[in-house]
Amino acid sequence: MMVRFFLIALLAPLVGQANPIERQIPLRSPVITHSTFGGWGWSHCGGAKNIIEVKYVSVEPDPPQRGQDLTVKFVGDVSKTVKKGSWVDVTVKLGLVPILTKSFDFCEQAHKTNITDRCPYDPGTYAVERTVTLPEEIPPGKFLINARGFNADKHELFCLDIVADFS
Ligand SMILES: *[C@@H]1O[C@H](CO)[C@@H](O)[C@H](O)[C@H]1NC(C)=O
């Protein structure tokens, strides 16, 4: 339960209360290319031709704090219309141990950000944010999160590896 809450908080723009579909997706060890001093970081893991090019991710406060509100901001370029039926596969590992593998509806999650428009999303640059409360009970450890989005026609939207260190 607490892990699920933590996941929702950390992947706030993508992940929520949608009815997830279980899916098997490969696990990998991220190489972090965008990092802060705050014990978290993110990197791309997708191909060069991803439909959504994530340019910027930030969190506030940095580093994230148990029991406090966390605001996550994303900026990304959309190069091809993102349609209804798009989804995001999410895998979470605590250390080396996989603890969660789920799929979420992209459009439902996008609608929970500060963007009022609904799917489809036309090409352009989008800045989105979402605020959630992190639970007090986040277990200590290093969380490795992989989020991979797909358009309705199964083309990759984006692939992000995120590390959050609550050791
Ligand atoms: C959403 O929030 C971001 C970050 O604060 C802001 O740059 C953007 O303009 C907002 N977008 C909308 C549609 O309100």
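A search of the whole structure turns up two disulfides, a disulfide being a pair of cysteine sulfur atoms within 2.5 Å. Before I go on: this is a predicted model, where local features need pLDDT of at least 70 and side-chain atom pairs count only at pLDDT 80 or more, while totals for chains, interfaces and linings use all residues. Residues are numbered from 1 along each chain as its sequence is written, and side-chain values use heavy atoms, with hydrogens and water left out.

Take Cys45 and Cys159. Their sulfur atoms are 2.1 Å apart, and the link is left-handed, with -95 degrees about the S-S bond. Cys45 sits in the loop between β2 (40-44) and β3, and Cys159 in strand β9, so this pair links parts of the chain 114 residues apart. Strands here are DSSP runs of E, at least two residues, and helices are runs of H or I, at least four, numbered from the N terminus. Cys159 has 1% relative accessibility and therefore counts as buried; buried means under 20% relative accessible area, exposed over 50%, and partly exposed in between, with a 1.4 Å probe and protein chains only.

The other disulfide joins Cys107 to Cys119, 1.9 Å from S to S. Its torsion about the S-S bond is about -85 degrees, so this disulfide is left-handed. Cys107 is in helix α2 (residues 106-110) and Cys119 in the loop between α2 and β7, 12 residues apart. Cys107 is buried at 11%, and Cys119 is buried at 14%. Counting bonded cysteines along the chain, the pattern is 1-4, 2-3.

Next, the aromatic rings. How many aromatic pairs does a search of the whole structure find? Three. Rings of Phe, Tyr and Trp (its six-membered ring) pair if their centres lie within 6.5 Å; planes under 30 degrees apart count as stacked, over 60 as edge-to-face, and the rest as tilted. One of the pairs is Trp87 with Phe150: centres 5.1 Å apart and planes at 25 degrees, so it is stacked. Trp87 lies in strand β5 (residues 87-94) and Phe150 in strand β8 (residues 142-150), so the pair ties together parts 63 residues apart in sequence. Trp87 is buried at 14%, and Phe150 is buried at 11%.

Phe143 and Phe166 pair edge-to-face, 6.3 Å centre to centre with 80 degrees between the planes. Phe143 is in strand β8 and Phe166 in the segment after β9 (156-165), 23 residues apart. Both are buried.

Last, a sheet. Three strands form an open sheet in the order β3-β4-β7, with antiparallel pairing; strands pair if DSSP finds at least two bridges between them. β3 (52-60) and β7 (124-133) are the edge strands, each with a single partner, so one side of each is left without a neighbour in the sheet.
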